[in-house]
Amino acid sequence: MYMRKDILNLLSPNIRRELAGISSDKLNEIRLRTDKPLILTENNREYFVNNGVLRKRYAEELYIVSESDLKETMEFITNYSLYAYNDELKKGFITVSGGHRIGICGKVVYEDEKIKTIRNIQSMNIRVSHQIVGCGEKIVPYLKTPDYENTLIISSPGMGKTTLLRDLIRILSNQGANVGVVDERSEIASCYLGKPQNDVGIRTDILDCCQKKDGMLMLVRSMRPDIIAVDEIGGEEDAKALQYISLCGCKILATIHAGSLCELEHKSGIKEILQLGLFKRFILCERTETGAFIRTVYNEEKRQVCVCDG
């Protein structure tokens with residue numbers, strides 16, 4: 001299978017030609033940096049590109065991203081209207097049709113101590129949207145006793161925690177729960193012009209590009225959710241909002257960056273809610289040496305409940 005058209009259409013003509021014959025089945029990221037090699041990531045393994053072929057090692061004869069490549073790619077991403085995307089741009093990323101998210105770096109311009117925009121863009125990270133439908137099926141039964149328990153998904157970056165979160169939202173929503181999602185970075189539902197590009201279930205309501213501390217309270221007050229789902233919690237404000245909604249009868253489904261349960265215990269801003277026993281289930285996402293995903297479910301006493309692969 002060749003590179004998907006919706007991905008190719010984001011790129012400059014020269015890069016399109018370079019990648020046209022490469023499969024996108026396992027593609028995670030495309031990284032563009034001015035005057036640096038074009039780099040692709042597949043299954044969290046890095047590859048360079050030379051004449052339409054992926055190379056594992058750095059060499060002299062590689063495709064080098066030009067300044068015009070960045071300029072043309074940005075024009076295609078924004079439909080030649082950079083100004084129209086400025087609200088997203090000043091957050092450091094743009095979400096496009098298909099749910100792909102483009103991280104952007106360049107000169108940050110401030111106005112009244114707030115970020116106004118990013119100019120002179122010199123690097124991009126195109127994060128390819130993937131939805132793995134069914135990856136949470138084996139886990140859901142262990143999150144109910146019999147009612148759904150507050151659950152925290154734990155992993156290092158790139159271990160599939162958001163992918164798992166998305167599928168658990170879809171499953172629980174389709175099973176009958178009203179799920180409210182605070183999608184601060186448009187990574188869960190991958191909304192484009194307000195419409196989810198990923199399947200997050202039939203009873204799911206989304207606050208897109210909304211800060212978690214604000215969105216959780218808004219959902220409680222306006223949408224009567226059974227479950228509130230958020231990605232990458234951290235800090236005292238998130239912790240306070242989580243405590244509040246838990247006292248309002250809402251269940252919680254959240255993720256956090258940590259490499260282990262032990263590391264989780266030392267996360268600032270989250271210690272208090274762990275000590276209060278707010279979460280009753282923990283899911284640790286890891287990868288084996290062969291690259292396979294392993295998800296281990298623990299109960300509130302940090303005892304292993306099950307291990308699921310895939």
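The legends below describe close-up views of a predicted model.

**View 1**
Seven strands form an open sheet in the order E4-E3-E2-E1-E7-E6-E5, with antiparallel pairing. Strand E4 (53-55) and strand E5 (93-95) stand at the edges, and each has a single partner strand, so one side of each is left without a neighbour in the sheet. From one strand to the next, the twist averages 40°.

**View 1. The pairing of E6 with E7, and helix H3 on the sheet.**
Strand E6 (residues 101-111) and strand E7 (residues 114-127) run antiparallel and are joined by 10 bridges. Within this part of the sheet, Val108 stands opposite Ile118 in E7. Helix H3 packs on the sheet, where it touches strand E1 (27-33), E5, E6 and E7. The direction of H3 makes about 105° with that of E7.

**View 2. Leu10 and its contacts.**
Leu10 lies in the loop between helix H1 (5-8) and helix H2 (13-19). With a relative accessibility of 8%, Leu10 counts as buried. Residues up to four places away in sequence aside, Leu10 touches Thr73, Phe76, Ile77, Val96, His100 and Ile126. For a sense of distance across the model, Leu10 and Ile202 are separated by 192 residues in sequence and by 30 Å in space, C-alpha to C-alpha.

**View 3. A salt bridge along helix H3.**
The structure holds 18 salt bridges, and one of them joins Glu75 to Lys71, with the closest N and O atoms 2.8 Å apart. The two residues are 4 residues apart in helix H3 (residues 67-77), and are therefore separated by about one helical turn. Glu75 is partly exposed, at a relative accessible area of 22%, whereas Lys71 is exposed, at 53%.

**View 4. The salt bridge between Lys90 and Asp87.**
The side chains of Lys90 and Asp87 meet in a salt bridge at 3.7 Å, N to O. Lys90 is partly exposed, with a relative accessible area of 32%. Asp87 is exposed, and its relative accessible area is 55%.

**View 5. A salt bridge between distant parts of the chain.**
Lys212 and Glu184 form a salt bridge in which the closest N and O atoms are 2.6 Å apart. This pair links distant parts of the chain, 28 residues apart: Lys212 belongs to helix H6 (residues 212-222), and Glu184 to the loop between strand E9 (179-183) and strand E10 (204-208). Lys212 counts as buried at 5% relative accessibility, while Glu184 is partly exposed, with a relative accessible area of 24%.

Arg166 is placed in helix H5 (residues 161-174). Although buried, Arg166 has no salt bridge. The nearest side chain of opposite charge is that of Glu187, 6.9 Å away, a separation beyond the cut-off, because a salt bridge requires a side-chain nitrogen of Lys or Arg within 4 Å of a carboxyl oxygen of Asp or Glu. The side chain of Arg166 does, however, reach the backbone oxygen of Glu187 at 2.7 Å. Leaving aside neighbours within four places in sequence, Arg166 is in contact with His130, Gln131, Glu187, Ile188, Asn198 and Val200. Glu187 also takes part in a network of salt bridges that links Arg101, Arg127, Lys161, Arg185, Glu187 and Glu232.

Most residues other than glycine have a negative phi, and most peptide bonds are trans. Thr145 and Pro146 are joined by a cis peptide bond, with omega about -5°. Pro146 lies in the loop between E7 and strand E8 (151-155). Ser186, in the loop between E9 and E10, has a positive phi near 55°. At 1% relative accessibility, Ser186 counts as buried. Lys302 has a positive phi near 65° and is placed in the loop between strand E14 (293-299) and strand E15 (304-309). Lys302 counts as partly exposed, at 28% relative accessibility.

Methods. Residues numbered from 1 in each chain as written. Predicted model: local features only at pLDDT ≥ 70, side-chain atom pairs only at ≥ 80, totals over all residues. Heavy atoms only, no water. Buried < 20%, exposed > 50% of the residue type's maximum accessible area, 1.4 Å probe, protein only. Lys, Arg positive; Asp, Glu negative; His and termini not counted. Polar contact = N/O pair within 3.5 Å; in protein donor to acceptor, adjacent residues only side chain to side chain. Contact = heavy atoms within 4.5 Å. Pairing = 2+ DSSP bridges. Axes fitted to C-alpha atoms, helices over the stretch in contact; angles between N-to-C directions.
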